[in-house]
Amino acid sequence: MTCCSKAHEQFDRFANGDVQVGELPGQTLISGKVAWYVFQGPYSELGSRAFPTFWKKCDEAKLDMSGPPGDVYVCNPVCHEEDKQAKLLTIIWCPLK
């Protein structure tokens, strides 16, 4: 069990799946309607794999963005040293019109 098991209980079902539309949970400190994607993988792949996948999925869904994207780290990388960050969770999001 990792030190971020509660985050995994909440977000594992979305990991590397479809882009979601709606509001994020309050603990993310992001409010309003957003497109969001849960990336599960190493921090080193955010730029090369996670963000390109997020943009592709948003384009396919024809979502109308209204601002710059952001990311929220729902896991502490220290919690995933043993698995070399393979199960590290990061939410990529962007506000919608």
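For the charge count, Lys and Arg are taken as positive and Asp and Glu as negative, while His and the chain ends are left out. Keep in mind that the model you see is predicted. By that count, the chain carries 10 positive and 12 negative side chains, and 5 Å separates the centres of the two sets.

Now for the overall build. The chain contains 2 helices and 4 strands, arranged from the N terminus as α-β-β-α-β-β. Its radius of gyration is 13 Å, close to the 13 Å that the globule rule gives for 97 residues, so the chain is as compact as a globular protein of that length. Along the principal axes, the C-alpha atoms occupy a box of roughly 40 × 30 × 20 Å. Of the 97 residues, 43% are buried. Among contacts with a separation of 6 or more, 58% are between residues 24 or more positions apart. The accessible surface is about 5,800 Å², with 51% of it belonging to carbon and sulfur atoms.

The whole structure has 1 disulfide, which joins C3 to C79 with an S to S distance of 1.5 Å. The link is left-handed, at -90° about the S-S bond. It ties together distant parts of the chain, 76 residues apart: C3 lies in the segment before α1 (5-11), and C79 in the loop between β3 (70-73) and β4 (89-95). C3 is exposed, at 62% relative accessible area, whereas C79 is buried, at 14%.

Technical notes
Residues numbered from 1 in each chain as written. Predicted model: local features only at pLDDT ≥ 70, side-chain atom pairs only at ≥ 80, totals over all residues. Heavy atoms only, no water. Rg over C-alpha atoms; globule rule 2.2 N^0.38 Å. Buried < 20%, exposed > 50% of the residue type's maximum accessible area, 1.4 Å probe, protein only. Contact = heavy atoms within 4.5 Å. Areas by Shrake-Rupley, 256 points an atom, 1.4 Å probe, with all protein chains shown as cover. Charge placed at Lys NZ, Arg CZ, Asp CG, Glu CD. Disulfide = S-S within 2.5 Å.
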